[in-house]
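Student: I'd like to learn how to read a protein structure, one feature at a time. Could you take me through this one?

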Amino acid sequence: MEISIWDHARYVKDRSNPYPEMAAMLRRFAKAGISRTDIYLPEVGNLDAYCAAAAEAGMTVEARLHPQHAMEQPPMRVLTEAQRQRMKQEQGIVLEAPCPCHPEFERQLAAAAERVLAQYGDRLMGLQLDFIRGPNARCLLDYPCGCEACRAARQRYYGFEMPPEAVLREPWYLYKETARLSAHVRSTVIAVAAVTHRFGRKLSMAARSNYANCHGGLGPAVLEGQDWAEWATDGLLDEIIPMNYHTIHEYFVDNLQAHLRLMAGTSVKFTSGVARESSMGLLPPSEFRRRFEAMSSLGVQSAFIFNKTNIYPDEYLSIIQEYATAIK
Ligand SMILES: [Zn+2]
């Protein structure tokens with residue numbers, strides 16, 4: 001099985017001279033059979049040192065683009081004070097995120113891809129899109145964005161800029177707002193893929209595990225404009241990695257089976273995301289091994305591991321090594 005990891009390089013203590021710590025960590029990963037690392041650009045600190053350390057360890061590097069951090073001036077969703085207060089009351093948070101429907105979203109994300117590849121393209125195998133969607137499905141429709149682009153689009157389609165409370169649950173409104181968001185996110189993926197492919201590099205994405213009706217409180221992707229099953233059908237990018245981080249094994253397997261069903265017959269590479277430790281919890285080694293057993297028995301050939309600390313005790317690395325080197 002091909003095994004990759006998401007890395008933040010948060011383990012680096014001496015930020016002024018990160019190479020030795022990066023090299024030691026990446027050598028350890030490579031020794032366990034991990035062949036690719038995906039580095040989170042906002043936290044890497046020194047991408048030159050990281051790429052050099054990975055090359056020395058014999059690993060390929062992919063760079064992760066997170067829209068809000070990658071763009072120079074992200075067009076944030078516009079909420080009124082009343083919407084903010086209501087969101088805080090009802091959801092416990094005020095979700096701040098860029099608006100994919102604003103034309104600057106696509107333009108600036110494509111420009112960010114161009115910047116990264118112009119400088120590091122010779123050392124990267126490609127880019128990975130993270131958070132390529134509207135924020136949180138529940139917050140999108142209940143707290144509509146009031147940016148100039150959303151207002152203008154609604155004025156055209158419905159004759160009002162902001163929806164009166166009474167239409168928020170109307171099927172025609174829900175359909176068109178979701179379709180409008182999906183169209184913008186999709187065209188952003190196409191724009192970033194065009195840049196990536198111009199540099200001769202690959203584009204992957206970290207996808208919502210809950211596509212439509214899978215287990216999990218987050219998503220569903222289809223309501224957030226992230227219709228990755230259709231993107232796979234249309235071959236818009238090279239690889240899709242659903243972030244299947246369930247701590248309940250049966251949910252992990254159910255979701256994995258759904259992902260395999262959604263990706264079947266498409267030309268896009270499928271890689272299963274799996275977590276050692278995420279916001280959902282920490283898997284003990286025995287459970288971590290069960291995930292790999294399940295992936296292996298379902299014929300998964302590529303896995304991407306998320307681990308929020310990026311630190312892997314030896315017992316986890318030995319499980320990884322077992323599956324990385326297993327003969328298929
Ligand atoms: Zn907007």
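Tutor: Let's begin with strand pairing. Strands of a sheet pair through backbone hydrogen bonds, either parallel or antiparallel. In this predicted model, strand 8 and strand 9 run antiparallel and are joined by two bridges. A hairpin of two residues leads from strand 8 to strand 9.

Student: Which residue of strand 9 does E277 stand opposite?

Tutor: E277 faces L282 there. E277 also has a bridge partner in strand 10, namely N307.

Student: How many bridges link strand 8 and strand 10, and in which sense do they pair?

Tutor: Five bridges, in the parallel sense. Another residue pair to look at is S272, which stands opposite A303 in strand 10. Then move on to strand 1 (residues 2–7): four bridges join it to strand 10, again running parallel. In that pairing, S4 sits opposite F304 of strand 10.

Student: How many residues of strand 10 are buried?

Tutor: Five of its six residues are buried, so strand 10 is largely enclosed by the rest of the structure. Strand 8 is mostly covered too, with five of its seven residues buried. For comparison, take a residue in a helix: H197 is found in helix 9 (residues 171–198). H197 has 14 other C-beta atoms within 10 Å, so it counts as partly exposed.

Student: How far apart are H197 and L237 in sequence and in space?

Tutor: They are 40 residues apart in sequence, while their C-alpha atoms are 9.4 Å apart in space.

Student: Now helices. How do I describe two that pack together?

Tutor: Two packed helices are described by the angle between their axes and the distance between the axes. Here, the axes of helix 1 (19–31) and helix 3 (residues 47–57) come within 8 Å and cross at roughly 35°. The crossing of helix 1 past helix 3 is right-handed.

Student: Which residues of helix 1 and helix 3 meet?

Tutor: From helix 1 you have Y19, M22, A23, L26, R27 and A30, and they meet A49, Y50, A52, A53, A54, E56 and A57 of helix 3. Sorted by type, the residues of this contact are 11 nonpolar, no polar and two charged.

Student: What about domains? Where are they divided?

Tutor: Domain 1 takes in 1–46 + 271–328, and domain 2 covers 66–250. Their centres, taken over C-alpha atoms, are separated by 26 Å. Where they touch, 16 residues of domain 1 are in contact with 14 residues of domain 2.

Student: Which elements give two or more residues to the side of domain 1 that touches domain 2?

Tutor: They are helix 2 (41–44), strand 8 (272–278), helix 12 (285–297) and strand 10 (302–307). Strand 8 gives the most, with five residues. By type, that side of domain 1 divides into eight nonpolar, five polar and three charged residues.

Student: Is A9 buried or exposed?

Tutor: A9 has 23 C-beta neighbours inside 10 Å, so it counts as buried. F131 has 20 such neighbours, so F131 counts as buried too; the cut-off for buried is 20 or more.

Definitions and conventions. Residues are numbered from 1 along each chain as its sequence is written. This is a predicted model: local features need pLDDT of at least 70, side-chain atom pairs count only at pLDDT 80 or more; totals for chains, interfaces and linings use all residues. Domain bounds come from an automatic or database domain assignment. Two residues are in contact if their C-beta atoms, placed from the backbone, lie within 7 Å. Ala, Val, Leu, Ile, Met, Phe, Trp, Tyr, Cys and Pro count as nonpolar, Asp, Glu, Lys and Arg as charged, and the others, Gly among them, as polar. A residue is buried if 20 or more other C-beta atoms lie within 10 Å of its own, exposed if 12 or fewer, and partly exposed in between; C-beta atoms are placed from the backbone. Two strands pair if DSSP finds at least two bridges between them. Axes are lines fitted to C-alpha atoms, for helices over the stretch in contact, and angles run from 0 to 180 degrees between N-to-C directions. A crossing is left-handed if the near helix is turned anticlockwise from the far one by less than a right angle, and right-handed if clockwise.
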